[in-house]
Structures are given as C-alpha cells and as structure tokens.
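Here is a short note for a colleague who is opening this structure for the first time. Please read the points with the model on screen.

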Amino acid sequence: MSTLALDAAALEKLVSAAVAAPSIHNSQPWHFRLQPETSILEVRAARERAVPAADPQGRAMHISVGAAVLNLCVAARYLGWAPQVRLLPDPAEPDLFATVELDVSALARAPGTDDLYEAIWHRHTIRTPFTGEPVPPAVLDELVTAARTEDAALGLPDQEETARLLEITAEAERRNTTDAAALDESRSWVHSGDLLPYGIPSRALGPQDRTGQVPMRDFAAIRAAEHRNPATFEREPRIAVLSTAHDRPVDWLRAGIALEHVLLAATVHGVRASLLHQAMEWPYLRWATREPHQRPGHVQMLIRLGYGPEGAATPRLAPRDVLDPEG
C-alpha cells in the first residue's frame, strides 16, 4: 500500500495539472471525483460544456478529457505514485471516462517525469506565426515515440502531403465560417478580458495567414473589431498527423492521452504547437485527411509544430469548480 497521503493538498495539485490540458474551444469538459474511502480518482465528462456543432459525436470531448488524464498521471508520477488508469471502466456509466487509481508508490521516478511535469505549466496553444526554423529530426522522433507509447501513431507527412492536408483544413475553415451553427458556437466561446474561467479571451486570438497557406481558425469571423492584422506564417509548415488504429470512444480517449504526451514532449524541447482541428469537424473532410498510401487508421488531430514565443495562458477553472464532493 502507498505511504503517500492523498490529502486535500495533493488532490489540488493533481487536479490543477489535469485542468491545464488543452480542450476544444477551451471548454474544459471535465469533472473529477474522489471515490469515498478509496484512492481512486474518477474523471467524468462535463456535458454542460459540450460543443455540439463542432463535436456532435463527442469525439473532441473524449480527446480533451484524455489530455487531462495524461496530465493527471504525469502529476501523480511527479508526486511519487504509480498511477493505474482504466478507460471507460463501467458501461453503465457512459460519462465516467476514466478512473485513476493512486494506491501504489512508484519504486523509482520514471525518466523525464520532472521535465514533463514542468512542461504542463508552459504548454500553450499558439495561434501566431512560427519562425520557420525546422524542428530537428531527433526531436520529431521523440514525439513519434511519445505517441506510440500511448497506443497512437504520429505521422510526419512530406511537403506534398502537407499541402494537401492544409487545403483540406482550409476547406473545413471555410465551412466553419459560413455554417451558421458552427459560426455562432465558436464565437460564443470568445469573450473579452479574463472574467470567465473557460473559453478563449479575445487577447488570445491570432492573426490569419496573409498568404492563406496556413488556415488558422478564425474565431472572430466577421467581427471586425476583433480581427488581427494578417501576418506572414512560416513558408514550410511542419504538420504532424495523430491517428489511432480504431475509432471508438476508447480510442478517442487514447488519442487525447497521446496528444498531450506529444505536446508536453514538444514543450520540453521548446517546440510550440497549434492544433488544426477544423477538418475533424466535417466527416467527409476528416476521412479525406487519411494518407491513402499508409496503413489504415483514423486521423484524430493535425498538429502544427515550430518555434516561437511560449504564448499566453488561457483561463482555467479552479480545482474547486471541477472537483465534485465525495459521496
């Protein structure tokens, strides 16, 4: 049995790390609950913060929660536990996405734990241009390994395939800015200042690529006052393709776990990332992102990687706001 105390202070550290994870529109669709008289922390979906227009199946919600599970596990290892994770452990409770058992102390600190834990607090989604400096092959190899560790695959397409993926993303972005439901929903998550602990403050919005090559999500679409002046993005974007062998809810959770592992590993090396999710929101376009010459798989996220400023943090719900009472 563990000699570590899962007390209020430790629980707050664990949940604080979990809620630092990325989520679609910074919706933070998670709740946490410590099972009474156990060392099992439940991770549940917060359906009240769903984004149904962009995510009608809940795939992005699962990915978001999976990312929070990865952060929680990194924090647990940092504090000395050997966490045991079960995904979708109870078919009778579909909103119970995962349980994390904190019952055993780790015999030794896993290599890289300290770096990954520190990266949790410096990982931010970047919506601005990168410098254009290429990411070294050794770093890319490490990111591929991070995804593989979590039962996912990270593909690194060549320039021709990258251009094709960016064209598909641009088409998805055009649909998002002309579809009334998608447009209204995305704009509803943007707010001024830092009064709300979720969503995206307008100060965190980025510019559009003046060349149109890198199709960033335009949260401000047709709101002239919130538009940024167009900017020139990197000429040769480095896109990574995160995929899973299957496409069930449990695979979506694994994709989120893998995604956050990749993002934290990138942050350790000073590599920044932005998530190109637009094509994932249109079934035909998501299907088209599959590389026809590679093994079968299901694309879960496109990740743009590069170098630039760390970026600003977006607001987060406090642990007390996402930690449900016991019992």
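1. Some ground rules. Helices (H or I, at least four residues) and strands (E, at least two) are DSSP runs, numbered from the N terminus. The model is predicted: local features need pLDDT of at least 70, side-chain atom pairs count only at pLDDT 80 or more, and totals for chains, interfaces and linings use all residues. Residues are numbered from 1 along each chain as its sequence is written, and side-chain values use heavy atoms, with hydrogens and water left out.

2. Start with T113. T113 sits in helix α3, which covers residues 113-120. T113 counts as buried because its relative accessibility is 6%. Buried here means under 20% relative accessible area, exposed means over 50%, and partly exposed is in between (1.4 Å probe, protein chains only). Setting aside neighbours within four places in sequence, T113 is in contact with V74, R77 and Y78. Contact means heavy atoms within 4.5 Å.

3. Now follow α3 to its crossing with helix α7 (residues 249-268). The two axes come within 9 Å and cross at roughly 95°. That angle makes α3 roughly perpendicular to α7. On the α3 side the contact is made by D115, L116, A119 and I120; on the α7 side it is made by H261, L264, A265, T267 and V268. By class, these residues of the contact divide into six nonpolar, two polar and one charged.

4. The terms of that point need their cut-offs. Axes are lines fitted to C-alpha atoms, for helices over the stretch in contact, and angles run from 0 to 180 degrees between N-to-C directions. Angles under 35 degrees count as roughly parallel, over 145 as roughly antiparallel, 65 to 115 as roughly perpendicular, and the rest as oblique. Ala, Val, Leu, Ile, Met, Phe, Trp, Tyr, Cys and Pro count as nonpolar; Asp, Glu, Lys and Arg count as charged; the others, Gly among them, count as polar.

5. What does L263 touch? L263 is another residue of helix α7. With residues up to four places away in sequence not counted, L263 touches P22, R123, A273, L275 and I303. L263 counts as buried because its relative accessibility is 4%. L263 and P249 are 14 residues apart in sequence, and their C-alpha atoms are 21 Å apart in space.

6. Is H122 buried or partly exposed? H122 is partly exposed, because its relative accessible area is 29%. H122 lies in the loop between α3 and α4 (137-149). Leaving aside neighbours within four places in sequence, H122 is in contact with T267 and E310. H122 and R290 are 168 residues apart along the chain, and 31 Å separates their C-alpha atoms.

7. Look next at the loop between α1 (8-19) and β1 (30-34), where N26 lies. N26 is not a glycine, yet its phi is positive, at about 50°. N26 is buried, with a relative accessible area of 6%. Q28 is found in the loop between α1 and β1 too. Phi of Q28 is near 50°, again a positive value in a residue other than glycine. Q28 is buried, with a relative accessible area of 0%.

8. W81 is in the loop between α2 (59-79) and β3 (84-87). W81 counts as buried because its relative accessibility is 2%.

9. The largest pocket has a volume of about 560 Å³. Of the 31 residues that line it, P22, S23, T125, R127 and L275 are the closest to its centre. The elements that give two or more residues to this lining are α2 and β9 (272-276). By class, the lining has 16 nonpolar, 11 polar and four charged residues.

10. How many cavities of 30 Å³ or more are there? The count comes to three. The largest cavity has a volume of about 80 Å³. Its lining includes H25, A54, E173 and R217. Helices α5 (159-178) and α6 (180-188) each supply at least two residues of that lining. By class, the lining of the largest cavity has two nonpolar, four polar and five charged residues.

11. Last, the terms for pockets and cavities. On a 1 Å grid over the protein atoms alone, a cavity is a set of points where a 1.4 Å probe fits but cannot get out; a pocket is an open set with protein on both sides within 12 Å along at least five of seven lines; lining residues have an atom within 4 Å of a point. Grid points are joined across faces, edges and corners, and a volume is the space filled by probe spheres set on the points.
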